[in-house]
Amino acid sequence: MKTLILKTVSVTLCLLVGFSLSAEEIKIKINKKYLNLPVSHQQDRAKMTFKVDGQPDLTVVIRLAPDEADYWVFKDVSNLKGKTLTISYEGNSKGLKNLYQDDVIAGQDSLYKETNRPQFHFTTRRGWVNDPNGLIYYEGEYHLFYQHNPYEREWENMHWGHAVSKDLIYWEELPDALYPDHLGTMYSGSAVIDYKNSAGYNKGKTPAMIAAYTAASPDKQVQCIAYSLDRGRTFTKYEGNPVIDSKHIWNSVDTRDPKVFWYAPGNHWVMVLNERDGHSIYTSSNLKEWKYESHVTGFWECPELFELPVDGNPNNTKWVMYGASGTYMLGSFDGKVFTPEKGKYFYTTGAIYAAQTYTNMPDGRRGQVGWGRIGHPGMPFNGMMLLPTELTLRTTKDGARLFSYPIEEINRLVDKSRKWENMSAEEANKALNQFGDDPLLRIRVTLSLSHATNAGLDLKGQNLLNYDMNSNRVNGAFYSPEEMTSMEISADIFIDKTSVEVFIDKGAYSYSFEKRPSDPARGFQFWGNNITIKQLEVSTLQSIWK
């Protein structure tokens with residue numbers, strides 16, 4: 001970091017990158033791809049304003065470091081080459097001298113190799129991430145938009161970050177897609193492809209990608225749209241925004257997170273919007289004018305509504321409605337009203353929050369990505385996306401229930417695998433600890449209890465699996481297996497640098513948490529009186545960062 005700072009000071013003093021300095025403002029002639037900014041958490045947040053050729057462009061808050069930086073963040077300015085960027089700062093303006101342009105970000109040499117960088121989960125290069133947004137498939141690419149603060153590793157300045165993938169496993173991060181504006185910061189939302197040109201933005205044979213999002217200000221949250229004709233790389237906001245402004249109806253600032261999809265039987269668009277105490281349903285013919293239809297109470301934030309076949313039978317379907325916590329109802333939907341029939345149930349707990357689904361996967365699967373509320377100590381980024389899973393409805397002893405299990409593409413990460421059968425806990429511990437120093441593992445195991453009423457697997461003193469058969473609990477959550485008198489439980493466990501995800505009995509229940517070892521010397525340890533490890537398969541996994 002000292003080298004970077006010395007370089008910054010040298011470039012600034014020599015004015016080699018076109019800086020002109022005043023007390024609280026600098027002007028930069030942009031000729032590089034990135035503007036690198038130093039951050040110090042010893043500083044309070046202060047307002048930073050960007051102008052392009054004298055015209056207002058963006059206002060954020062940042063903890064600009066006047067001297068030594070905790071870490072560096074960046075602003076992609078590749079679209080501003082040849083223009084003059086004016087930057088003013090209301091905090092300690094000494095930090096302005098440390099900004100510098102480059103064609104690489106500060107820390108590029110260690111990018112994706114950092115000590116606590118997840119290796120098979122998506123994380124942003126710099127800054128904070130939370131909810132996944134705008135999950136959509138188009139022209140061979142899966143799009144992952146997400147809540148992003150590019151200027152700090154804590155929440156603020158909500159933008160829509162953007163990444164694309166061919167297979168939902170290997171990701172390429174792109175420049176941010178949506179930026180704060182006069183209506184507010186960019187909260188969560190969704191995206192659709194307007195094949196019918198209902199909004200009027202299509203160009204020739206190119207359909208518009210339409211993003212529906214919440215613009216959030218301290219006073220209220222309103223719903224807006226923007227369109228893209230270049231596969232989501234750039235968006236133009238609708239000049240008539242907002243398309244829904246409902247605070248006065250609900251007497252609440254909490255009106256956000258629009259999920260939009262096409263309802264073919266009614267030949268119209270549907271928006272599910274969280275308003276105050278639940279999910280409202282709106283309809284539209286053109287994505288600009290929306291009619292309120294109905295409301296379902298009992299949910300908070302990040303609504304989802306979709307249809308799934310039960311046991312893969314297209315003639316027997318149910319609609320699933322859930323909110324940010326993942327609790328869900330099953331019911332019917334006529335295009336305007338969701339009628340709950342069963343629920344609420346849970347299928348996943350732990351670090352996951354605000355999960356969203358892909359509405360248009362080419363093979364008809366319903367894929368889901370959730371935000372992992374997991375920290376990465378000492379890193380210039382925070383938060384992650386959990387593994388993509390496929391959602392299915394399956395018949396159980398209690399009726400139809402939602403299952404979540406990693407998509408089959410996850411197998412592309414496997415490097416080497418070994419399998420064992422019918423082992424004692426001691427034998428399994430010995431086998432498993434051969435992999436003790438590898439931070440990237442997938443462990444598939446089936447335990448059989450006989451003398452024990454509880455059993456499990458620990459890693460360095462932390463419970464990966466703790467099954468209490470007597471009280472029907474898995475890692476503290478109630479779980480009743482399909483075979484009520486079964487003495488077995490299976491788990492599919494994914495271990496990354498900072499996280500653990502566990503899928504019980506092929507996705508009937510799943511949970512996730514941050515790795516926090518309490519006894520690093522202990523390694524892996526199966527425990528439980530006279531248990532049998534019926535099946536054990538251990539796979540080392542490869543990094544997604546090429």
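Tutor: Contact means heavy atoms within 4.5 Å. The model is predicted: local features need pLDDT of at least 70, side-chain atom pairs count only at pLDDT 80 or more, and totals for chains, interfaces and linings use all residues. Residues are numbered from 1 along each chain as its sequence is written, and side-chain values use heavy atoms, leaving out hydrogens and water.

Student: What pLDDT does the chain average?

Tutor: pLDDT is the predictor's confidence in each residue, from 0 to 100. Of the residues, 96% score at least 70. The chain average is 94.

Student: Which residues have the most contacts inside the largest nonpolar core?

Tutor: A nonpolar core is a set of buried Ala, Val, Leu, Ile, Met, Phe, Trp, Tyr and Cys residues joined through side-chain atoms within 4.5 Å. Buried means under 20% relative accessible area, exposed over 50%, and partly exposed in between (1.4 Å probe, protein chains only). The largest core has 39 residues. Those with the most contacts inside it are I504, F526, I533 and L536.

Student: Which residues does I533 touch, not counting those up to four places away in sequence?

Tutor: Look past the sequence neighbours. I533 then touches E421, N422, M423, S424, A425, A428, V445, T446, L447 and F526.

Student: How many residues are in the second, separate core?

Tutor: Among its members are Y112, I169, Y170 and W545. The size of this core is 31 residues.

Student: Which residue in β14 stands opposite A191?

Tutor: Strands are DSSP runs (E, at least two residues; helices are H or I, at least four), numbered from the N terminus. Two strands pair if DSSP finds at least two bridges between them; β13 (residues 185-194) and β14 (residues 208-216) run antiparallel, joined by 8 bridges. In β13, 9 of its 10 residues are buried. Opposite A191 stands A211.

Student: How many aromatic pairs does a search of the whole structure find?

Tutor: Rings of Phe, Tyr and Trp (its six-membered ring) pair if their centres lie within 6.5 Å; planes under 30 degrees apart are stacked, over 60 edge-to-face, and the rest tilted. The number of pairs found is 33.

Student: Why do the rings of F122 and W171 count as they do, and what is the pair called?

Tutor: The ring centres of F122 and W171 are 6.2 Å apart and the planes stand at 65°, so the pair is edge-to-face. F122 sits in the loop between β8 (100-102) and β9 (127-138), and W171 in strand β12 (residues 171-178), 49 residues apart. Both F122 and W171 are buried. The pair is called edge-to-face.

Student: Which backbone oxygen does the side chain of S165 reach at 2.8 Å?

Tutor: S165 is in strand β11 (residues 159-165) and is buried, at 3% relative accessible area. Its side chain also reaches the backbone nitrogen of D167 at 3.0 Å. S165 touches G140, E141, Y142, Y170 and W171, leaving out residues up to four places away in sequence. The backbone oxygen at 2.8 Å belongs to Y170.

Student: Is T396 buried or exposed?

Tutor: T396 is found in strand β30 (residues 389-396). A polar atom of its side chain lies 2.7 Å from the backbone oxygen of G399. The relative accessibility of T396 is 13%, so T396 counts as buried.

Technical notes. A polar contact is a pair of N or O atoms within 3.5 Å; within protein, one must be able to donate a hydrogen and the other to accept it, and residues adjacent in sequence count only if both atoms are side-chain atoms.
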